[in-house]
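Have the structure open while you read.

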Amino acid sequence: MDHISPVLWQFLVKWLTNFAVIPPEASKVAPQMDALLLFMTLVSLVGLVLVIFLVVTFSILYRRERHPVATQIEGSTLLEATWTIIPLGLFLVMFVWGSVLYFRIYTPPPNAMQVYVVGKQWMWKAEHPGGQHEINSLHVPINQPVQLTLISQDVFHSFSMPAFRVKREAIPGRYTTVWFEATETGTFHLFCSQYCGTAHSAMIGDIVVMSPENYKKWLQSSTSGVSLAQDGERLFASLSCSACHNGTPGARGPNLAGVYGSTLTLSDGQKVTVDDAYLRQAILNPSAHITQGYSPIMPTYQGQVSEEGLFSLVEYIKNLDSNYRIKQTTTTTELAPVATAATPAASPAANNGKVSHE
Amino acid sequence: MSSIVSLPDQSTARIPKRNYLTNENGILSWLLTGDHKRIAILYLISITFFFFIGGALAGLIRLELLTPQSDLMAADTYNKVFSMHGIVMIFLFLVPSVPATLGNFLIPIMVGAKDLAFPKINLLSWYLYMIGGCLTLWAMITGGVDTGWTFTTPLSTHYVNTNVVTTGLAIFIAGFASIFTGLNFIVTIHRMRAPGMTWFKLPLFVWSNYAASILMVLGTPVLAIALVLVVLERTIGIGVFDPTKGGDPLLFQHLFWFYSHPAVYIMILPGMGVISEVISTFSRKRVFGYSAVAFSSVAIAVFGFFVWEHHMFIMGVSNYSTLVFSLLTMLVAVPSAIKIFNWAFTLYKGSITFETPMLYAFGFMGLFTIGGLTGVFLGSSGTDIHLTETYFIVAHFHFVMVGGMLMAFLAGIHFWWPKLTGRMYPEKISQLAAVVTFIGFNFTFFPQFLLGMLGMPRRYAAYPPEFQVLNVFSTAGATILGVGYLLPILYLIWSLKYGKVAGNNPWQATGLEWQIQSPPLTENFIEIPVVTQDAYDYEWLERQKEREVTQVG
């Protein structure tokens with residue numbers, strides 16, 4: 001290959017040997033997505049070939065040299081109905097198929113493992129319930145559904161994992177969720193795909209899918225030592241949440257033990273299911289979420305807790321099934337303020353790492 | 001009984017001494033004109049200017065993406081360049097492209113009127129457009145804006161310190177230009193049709209511009225509201241989009257896309273009108289299923305208002321609302337499919353020639369089919385999750401907007417150039433330009449579909465090296481495309497002086513605009529015509545010609 005530049009030559013050879021039109025299929029949903037994409041591509045190719053065929057054939061058959069005088073035709077209801085109904089039918093198939101896929105991707109299974117993700121200019125911060133924090137990377141075990149709860153601290157970001165065919169926007173002020181189940185070990189791209197300012201294209205990272213054993217090792221080696229729930233418990237005490245939400249009769253705030261997943265009646269009669277998003281809102285904007293029977297005395301915590309802190313609080317309340325430790329903490333505080341840094345021994349939050357669902 | 005002016009055949013034609021170009025002289029006669037044709041020319045010159053600015057920015061984007069690192073420019077500069085490219089191309093080129101130039105010029109003539117309903121508002125529209133355009137340029141020169149053309153909050157309101165307010169106001173002002181154009185078209189089409197010109201005798205170009213006008217008049221104010229709220233949020237912090245003040249950033253998305261989705265139909269519908277005219281004329285045959293094509297324009301306009309949320313499928317909207325918007329998106333795809341097949345069957349048993357406008361129209365059909373079908377990939381909510389925010393989106397809307405609309409615009413400019421200027425463009429080189437554009441376009445944007453499938457996000461100044469080869473293809477294609485766009489500007493200017501004299505009706509087309517002199521008189525018609533023939537009535541045209549021959553003989 002003397003007549004071609006060696007740089008260009010290598011470049012082309014490298015590309016031709018690695019050429020792919022689709023990223024690796026590394027999640028359970030990826031083959032399902034690709035099946036629909038393939039179906040759509042085939043339908044589109046047939047449609048395109050049909051249009052090209054009609055235009056080319058008519059151009060040859062009815063060019064002026066062969067067909068000097070045009071025959072005026074009004075139209076044909078039958079033909080027009082055909083090319084209305086067939087595309088409509090195909091589009092409806094794509095609609096139904098696509099919607100099934102959409103609901104599948106955005107409806108996490110109940111046994112999914114939970115990871116919290118905060119997007120900020122310009123990094124992804126993943127928080128595992130066991131107290132592992134990572135930046136611009138996400139370690140997950142293979143063959144285990146993983147649910148991500150996302151929020152942005154500033155502008156819109158988007159957590160994109162092409163190899164898993166999954167993507168979800170991280171939005172300021174509200175939680176969004178997405179889930180996936182990795183089926184292949186390895187390292188895959190993580191992109192921020194919503195334009196977020198200067199270093200948007202640097203807001204990328206790696207998704208590392210590990211075998212269960214390696215994952216266990218990783219969990220142990222990278223924990224900060226304080227689980228999210230423990231961090232939440234610390235915040236719960238330091239923000240004085242425990243002063244009112246302590247579960248004693250006559251407490252000024254509602255009892256939070258076991259509240260997660262239950263249905264509350266608010267003071268305006270509205271019924272709400274307590275989920276992550278509700279808890280976050282109730283902390284930041286309490287006056288709009290007054291449980292029936294309580295007075296609107298809780299101050300807002302807007303601006304006082306970071307998004308990571310809110311995740312910790314949510315994780316704490318999620319796992320709170322008795323007020324025993326709250327009462328203990330409150331009592332200890334009254335007796336001896338120094339002793340608040342109690343060791344988290346038999347706490348309900350200690351069984352993290354794997355998320356417990358009641 | 002026909003009151004249509006008939007002048008000699010092309011071979012002996014001269015440029016008529018009295019026409020709208022020679023009627024008055026001096027720069028003021030242009031700047032203060034109420035003549036819809038002169039305003040159309042003013043618009044044509046201005047949008048061409050902005051097209052080349054937007055095109056130069058596109059060139060910079062492609063050059064930067066030649067290598068994976070951000071080496072030609074810093075990330076911030078790249079962000080400004082693609083933002084300005086989008087803003088200039090969408091608001092200052094695509095939205096006004098066909099309606100404000102060809103529509104302005106032709107709609108009054110096509111309906112048999114002497115001008116638009118409100119000539120002064122028409123002139124005001126051009127001034128507003130120019131103020132908006134100059135402000136945008138000012139914002140660009142004094143530091144630019146890096147929000148993307150979508151002005152996504154809270155990035156635009158709280159996190160960038162570029163000229164968001166200036167640009168927002170510029171688009172706010174330019175938006176009124178669009179509203180006035182739409183308003184003028186609607187009133188003109190309703191109230192000023194010549195005697196006998198019923199709705200179903202109107203050329204399809206008028207129908208599609210009518211549909212686009214409805215979108216402009218009803219949609220643009222919502223964009224104006226969204227932009228004003230962004231400006232207010234940025235300057236005095238009213239907090240409608242700020243979650244810490246109880247606002248909702250998704251509200252901005254709803255408001256913005258409520259305009260900006262219909263806006264793509266504002267951009268494409270008039271182009272579809274051009275294609276109907278061109279395909280009919282060069283097949284010497286009436287458009288197959290006139291009413292289906294006419295009503296599909298209206299259907300696109302109506303459905304087009306109810307699909308905006310498909311831009312937000314991954315933004316945490318309710319899964320059930322996604323069902324509704326995905327279904328409606330599928331429905332809006334159908335009228336476009338109808339149009340494509342109707343155009344294809346217009347060729348059936350026609351008598352086809354392949355002049356430049358026809359080549360561009362064929363290009364449009366191919367590229368728009370690809371653009372439309374890939375839109376279905378994105379309208380289906382499941383596949384949207386994988387493809388949205390990647391280069392697949394970029395490729396999709398460039399196939400529709402550039403492959404579709406720009407091809408249609410160039411088809412229209414070549415088709416009506418003889419009417420606009422009285423002279424022909426050079427045929428051979430312009431056919432070459434059409435082919436070069438088509439090849440360059442595919443080279444540029446087809447690789448981007450693959451990049452999107454592979455997951456490369458849009459608006460990236462730097463990207464993982466594995467995406468480089470496809471990006472190199474794309475940049476190489478853009479070079480070819482650039483040549484394809486430079487050629488017309490050169491030979492069209494050349495033709496102003498050296499082009500063959502066109503005569504009234506060089507294409508033997510049936511529209512009223514072809515029955516008057518080229519360039520037309522300021523008042524278009526000496527007498528208002530009485531219309532008895534259908535649109536695309538080639539038999540009527542034959543009879544007209546025979547009568548002329550007998551009268552002259």
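## Ground rules

Helices (H or I, at least four residues) and strands (E, at least two) are DSSP runs, numbered from the N terminus. This is a predicted model, so local features need pLDDT of at least 70 and side-chain atom pairs count only at pLDDT 80 or more, while totals for chains, interfaces and linings use all residues. Residues are numbered from 1 along each chain as its sequence is written, and chains are lettered from A and ligands numbered from 1 in the order in which they are written.

pLDDT is the predictor's confidence in each residue, from 0 to 100. Chain A averages 87, and 91% of the residues score at least 70. The stretch to watch is 336-358 of chain A, where pLDDT stays under 50. For those residues the model has 37 contacts beyond four places in sequence; a contact means two C-beta atoms, placed from the backbone, within 7 Å. Where pLDDT is low, the predicted coordinates should not be read in detail.

## Where the chains meet

The contact between the chains takes in 79 residues from chain A and 75 residues from chain B. On the chain A side, α1 (6-18), α2 (30-61), α3 (77-106), β6 (157-161), β7 (166-170) and β9 (186-192) each put in at least two residues. The largest share, 19 residues, comes from α3(A).

By type, that side of chain A splits into 46 nonpolar, 24 polar and nine charged residues. Here Ala, Val, Leu, Ile, Met, Phe, Trp, Tyr, Cys and Pro count as nonpolar, Asp, Glu, Lys and Arg as charged, and the others, Gly among them, as polar.

## A strand pair in chain A

Strand β8 (residues 176-181) of chain A is mostly covered, with five of its six residues buried. Buried means 20 or more other C-beta atoms within 10 Å of a residue's own, exposed means 12 or fewer, and partly exposed is in between, with C-beta atoms placed from the backbone. β8(A) pairs with β5 (residues 145-152) of chain A in the antiparallel sense, over six bridges; two strands pair if DSSP finds at least two bridges between them. Val146(A) stands opposite Phe180(A) in β8(A).

## Helix α5 of chain B

The buried residues of α5(B) include Trp126(B), Tyr129(B), Gly133(B) and Met140(B). Among the elements covering the buried residues are α2 (36-64), α3 (75-94), α4 (97-111) and α7 (164-191) of chain B. Just after α5(B), Gly143(B) takes a positive phi of about 130°.

Most residues other than glycine have a negative phi, and most peptide bonds are trans. Chain A has a cis peptide bond between Gln121(A) and Trp122(A), omega about -5°, and Trp122(A) sits in the loop between β1 (113-120) and β2 (123-127). Asn143(A) has a positive phi near 55° and lies in the loop between β4 (137-141) and β5 of chain A.

In chain B, the loop between α16 (468-498) and α17 (538-552) holds Pro519(B), whose peptide bond from Ser518(B) is cis, with omega near -10°. Gln508(B) is in the loop between α16 and α17 too, with a positive phi of about 55°. Gln508(B) counts as partly exposed because it has 14 C-beta neighbours inside 10 Å, whereas Leu512(B) is buried, with 23 other C-beta atoms within 10 Å.
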